[in-house]
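Colleague: I would be grateful for a close look at the aromatic residues of this model. Please state the criteria behind each term as you use it.

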Amino acid sequence: MNRQTLFFTFFCCITSCVYAASAVPVRQLMDEGKYKEAADRGHAEAFPYVIQTRIDNYAPDEAREYIEKWRSALKKAKKPEPEDIADLEERVLLLANQMNRIEDIPVIARYDVSVDDFNNAVKSANGSVNQGLQFINNTIPFYLNSNSRQVFWTEPDTKGVHRLFMAGLLDDGSRDEAIDLTQYVGDGDIMAPFMMEDGETLYFAANKDKDGLGGYDIFMTRADGDGGFYEPSNVGMPYNSPANDMLYVIDENNNIGWWATDRFTGADSVSIMVFVPNANRKNLEVDDEEKPSRAKIDDIAMTIPDGFAIDAARAKIPKPTTVGIINKDSEPPFAISLGDGRIITSYEQLSNHDSVDAVNDILEARDFMNDIETQLTALRLTYAKGNKNVKNDILQLETELERQRNYIKTYTNRLIRLESVSR
């Protein structure tokens with residue numbers, strides 16, 4: 001199994017499966033009613049909230065209606081139009097366009113997990129060369145590509161906006177000179193790159209000012225054959241929503257896909273959606289009355305066509321095995337490449353005590369990186385939800401993360417030298 005990239009890990013937390021969407025809080029409904037009443041009376045300040053709720057409810061026609069009412073209220077009050085109107089109009093137009101191209105996919109499972117479980121599941125596998133499907137703590141599968149000669153990752157610029165980078169992967173696991181892909185993928189904070197097995201199709205999540213429905217959206221681009229990539233496109237619905245959507249991964253061997261979203265859950269938890277990809281995109285009919293519900297995935301049962309073998313599809317969802325398990329409480333707890341085809345997976349393979357110390361240093365740095373990644377995931381989600389006060393904390397953790405990466409390179413090179421001398 002050939003998986004991606006710069007040791008970016010993907011997960012599917014195996015917990016109790018929940019199929020019904022979360023209920024809307026009564027307080028929220030009361031507030032929405034008050035704002036709508038105020039907007040209907042012509043109070044200009046109420047319109048942005050009402051329009052946003054129409055976007056969140058996948059009702060572009062109603063959103064357009066309230067935009068026009070907002071303009072009328074502003075004109076009557078002799079007030080200038082704020083920039084918010086143009087921004088909301090763009091989002092409503094994109095929403096309407098996306099509603100006309102909702103992919104018809106079977107969503108076979110939804111796993112709701114707490115933010116803590118979500119964060120604990122997203123672990124860095126830096127330095128690991130195990131190929132294909134792995135498990136963390138016997139339950140959480142992820143994929144990485146041990147054979148790829150290119151790696152992808154994100155780093156913040158001076159403004160704290162994450163950019164996408166690519167580099168060649170050297171034999172010792174270190175990176176070649178980085179190439180900034182911003183000129184190809186555009187603006188916006190970028191997360192979670194994932195390269196398909198073809199080595200050309202790249203998915204990532206971005207929080208863009210334009211071309212996004214809201215929060216992080218999933219985008220796709222392809223290599224252009226000249227070292228760059230074509231202009232990315234929004235993958236559309238049902239994958240994207242006015243909430244945060246990210247971490248799109250396809251297991252081509254089992255024909256299973258995943259993505260993560262907080263559209264149902266808000267701040268406290270995250271949903272992992274499992275689906276069966278189409279060989280060729282097939283959209284719902286334009287006049288399908290179920291479009292809003294299918295876009296939101298109110299009920300995954302609605303996505304299952306007649307005669308679809310859902311039990312057989314769910315049987316392909318990866319389950320823990322005794323092969324390739326990464327579990328700190330059992331052997332083998334690590335996999336370290338020496339760059340010459342040898343992979344160290346146990347202390348018994350080491351030739352001297354200094355090598356044991358080097359491995360311990362690598363594992364300690366990896367553990368520290370895992371803790372940092374967990375904190376970063378939580379802070380980035382907080383940032384995406386509008387709390388900009390965590391920006392400096394994110395930057396400090398990312399600086400420490402890069403320092404640990406450099407430590408791992410140093411310790412790995414030391415181990416390579418020690419084991420090469422012993423041969």
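Modeller: The account below begins with the basis of the values and then turns to the aromatic rings.

This is a predicted model, in which local features need pLDDT of at least 70 and side-chain atom pairs count only at pLDDT 80 or more, while totals for chains, interfaces and linings use all residues. Residues are numbered from 1 along each chain as its sequence is written, and side-chain values use heavy atoms, with hydrogens and water left out.

As a setting, the chain has ten helices and 16 strands; these are DSSP runs numbered from the N terminus, helices being H or I of at least four residues and strands E of at least two. Of its 423 residues, 49% count as buried, where buried means under 20% relative accessible area, exposed over 50% and partly exposed in between, with a 1.4 Å probe and protein chains only.

A search of the whole structure gives eleven aromatic pairs. Rings of Phe, Tyr and Trp (its six-membered ring) pair if their centres lie within 6.5 Å; planes under 30 degrees apart count as stacked, over 60 as edge-to-face and the rest as tilted. One of the pairs joins Tyr239 and Trp259 edge-to-face, with 5.1 Å centre to centre and 70° between the planes. Tyr239 lies in the loop between strand 10 (233-234) and strand 11 (245-251), and Trp259 in strand 12 (residues 256-261), so this pair ties together parts that are 20 residues apart in sequence. Tyr239 counts as buried because its relative accessibility is 3%; for Trp259, also buried, the value is 0%.

Trp259 also pairs edge-to-face with Phe275, at 5.5 Å centre to centre and 65° between the planes. Since Phe275 belongs to strand 13 (residues 269-275) and Trp259 to strand 12, the pair ties together parts that are 16 residues apart in sequence. Phe275 is buried, as is Trp259. Together with Tyr203 and Tyr248, the residues Tyr239, Trp259 and Phe275 form one aromatic cluster.

Two rings also have a charged group over them. The criterion is that NZ of Lys or CZ of Arg is within 6 Å of the ring centre and within 35 degrees of the ring normal. The charged end of Arg110 sits over the ring of Phe264, 3.9 Å from its centre, and that of Lys69 sits over the ring of Tyr66, 4.6 Å from its centre.
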